[in-house]
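Have a look alongside me.

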Amino acid sequence: MDQETIQEFQKQLEEKKEQLLAQLAGVSRKVEGEGNNFEASYPNYGDPASIEDSANEVADYTTNLSFERDLENELRAVEKALQRVTEGKYGVCTYCGQDIERERLKIRPESTSCVSCKKTIKHEE
């Protein structure tokens, strides 16, 4: 893959990282001293004696917790892809060593495997 294409994907990855960090800030707070580790925020809707408010808080917290975990996982994948760019390994399948298809990277720039290996791995699981 040529350097210009890698730079385009790097830009997409950096933009995606910023979007993920903004989304995480909306549902969680960053845990200091732990890299990009976040903790879902517990909402406070008012009257602690209100069963309805308490139920809504728990429901929203559960949703935030799940969303926060998904965003953190995606952020880690993006950061690893940016690290591969730095190391000169971006766009290479971690399983077979072949180039990852450009179309796959357009859809998911943080991909670590080519389509063929992804299908094989999926069938083995």
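How many helices and strands are there in the protein chain? I found four helices and two strands, taking helices as DSSP runs of H or I with at least four residues and strands as runs of E with at least two, numbered from the N terminus. Read from the N terminus on, the order of elements is α-β-β-α-α-α.

**Ground rules**

I am working from a predicted model, where local features need pLDDT of at least 70 and side-chain atom pairs count only at pLDDT 80 or more, while totals for chains, interfaces and linings use all residues. Residues are numbered from 1 along each chain as its sequence is written, and side-chain values use heavy atoms, with hydrogens and water left out.

**Overall shape**

I looked up the radius of gyration, which is taken over C-alpha atoms. The protein chain has 19 Å, whereas a compact globule of 125 residues would be near 14 Å; that globule rule is 2.2 Å times the number of residues to the power 0.38. Along the principal axes, the C-alpha atoms fill a box of roughly 60 × 30 × 25 Å.

**Surface and contacts**

I noted that 31% of the 125 residues count as buried. Here buried means under 20% relative accessible area, exposed means over 50%, and partly exposed is in between (1.4 Å probe, protein chains only). The accessible surface of the chain is about 8,300 Å², and 47% of it belongs to carbon and sulfur atoms; areas come from the Shrake-Rupley method with a 1.4 Å probe.

Next I checked contacts, meaning heavy atoms within 4.5 Å. Of those between residues at least 6 apart in sequence, 49% join residues at least 24 apart.

I also looked at charges. The chain carries 17 positive and 26 negative ones, and their mean positions are 8 Å apart. Lys and Arg count as positive and Asp and Glu as negative, with His and the chain ends not counted; each charge is placed at NZ of Lys, CZ of Arg, CG of Asp or CD of Glu.

**The aromatic pair**

I found one aromatic pair in the structure. Phe 9 and Tyr 90 have ring centres 5.9 Å apart and planes at 45°, so I wrote the pair down as tilted. The cut-offs: rings of Phe, Tyr and Trp (its six-membered ring) pair if their centres lie within 6.5 Å, and planes under 30 degrees apart are stacked, over 60 edge-to-face, and the rest tilted.

What does the pair tie together? Phe 9 is in helix 1 (residues 3–27) and Tyr 90 is in the loop between helix 2 (51–87) and helix 3 (102–107), so the pair links parts that are 81 residues apart in sequence. Phe 9 is buried at 3% relative accessibility, and Tyr 90 is buried too, at 5%.

Is Ser 41 buried or partly exposed? I have it as partly exposed, at 31%, in the loop between strand 2 (38–40) and helix 2. Beyond neighbours within four places in sequence, Ser 41 contacts Val 27, Ser 28, Arg 29, Tyr 61 and Asn 64.

Asn 64 sits in helix 2 and is buried, at 18%. Leaving out residues up to four places away, Asn 64 touches Val 27, Ala 40 and Ser 41.
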